[in-house]
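Please look over the sequence and the fold shown here before reading on. The briefing that follows goes through the strands, a helix and a pocket, topic by topic.

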Amino acid sequence: MVEDDDPSAIRSIALSPEDAVDAYVYSRENPGDAVLRVTPPFHGRMRARIHVYRVDDTELTGAIHLSPADVIADDVVTDYPDLESALENAAADDADHIRERHAETVDDWRERAREAIADSVTLETDDGSHRIELKPLG
């Protein structure tokens, strides 16, 4: 019998593509981390929700944190626009224009990323690797 705190009971995780994208962008643009969080009790079908933290509490709560980079297709993650590099190579008077262009580029990236949710993700459990199907909502 699988215990309700055993993540190997999970067969699929429903998640909002918007939450996945917001979590990824948040972690790139802000201090702290944003993840998709699944909390016990675990069962066959679960729901992941966005969670922002500065201190990882998974040991205390038993929650699972899915990295948004793991649920968005690799090629889309790689294409995330890098503001810092653009600012490094720009003249000081171009910074505002570069920030505006970056915001537009991130909006375009967000659209692509919402359509690029992976089919599955691998969780590491006490019993080894466990492949879980991802079910985008909406």
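Predicted model: local features only at pLDDT ≥ 70, side-chain atom pairs only at ≥ 80, totals over all residues.

## Strands, sheet and pocket

E124 stands opposite S129 in strand 7. Residues are numbered from 1 along each chain as its sequence is written, and side-chain values use heavy atoms, with hydrogens and water left out.

**The chain as a whole**

- The protein chain contains six helices and seven strands, and read along the sequence they follow the pattern β-α-β-β-β-α-β-α-α-α-α-β-β.
- The C-alpha trace of the protein chain spans about 65 × 30 × 25 Å along its principal axes.
- Of the 138 residues in the protein chain, 40% are buried, where buried means under 20% relative accessible area, exposed means over 50% and partly exposed lies in between, with a 1.4 Å probe and protein chains only.
- Among the contacts in the protein chain with a separation of 6 or more, 65% are between residues 24 or more positions apart, a contact being heavy atoms within 4.5 Å.

- Strand 6 and strand 7 (residues 128–136) run antiparallel and are joined by six bridges, and the two strands form a hairpin with two residues between them; strands count as paired if DSSP finds at least two bridges between them.
- Strand 1 also pairs with strand 7, in the parallel sense and over four bridges, and there I13 has L134 as its bridge partner.
- Strand 1 (residues 12–15) sends S12 and A14 one way and I13 and L15 the other way, and all of these are buried.
- Strand 3 (residues 45–47) runs parallel to strand 1, with three bridges joining them, and the bridge partner of A14 in strand 3 is R47.

- Three strands make an open sheet in the order 4-2-5, with antiparallel pairing.
- Strand 4 (49–53) and strand 5 stand at the edges with a single partner strand each, so one side of each is left without a neighbour in the sheet.
- Neighbouring strands of this sheet are turned by 50 degrees against each other on average, direction ignored, where axes are lines fitted to C-alpha atoms (for helices over the stretch in contact) and angles run from 0 to 180 degrees between N-to-C directions.
- Strand 2 (residues 33–38) pairs with strand 4 in the antiparallel sense over five bridges, and L36 has I50 in strand 4 as its bridge partner.
- Helix 1 (residues 17–29) packs on the sheet and touches strand 2 and strand 4, and its direction makes about 150 degrees with that of strand 2.

**The largest pocket**

- The largest pocket is lined by 16 residues, of which P7, I64, E124, T125 and D126 lie nearest its centre.
- On a 1 Å grid over the protein atoms alone, a pocket is an open set of points where a 1.4 Å probe fits, with protein on both sides within 12 Å along at least five of seven lines, and lining residues have an atom within 4 Å of a point.
- Strand 5 (64–66) and strand 6 (120–125) each supply at least two residues of the lining, and strand 6 gives the largest share, five residues.
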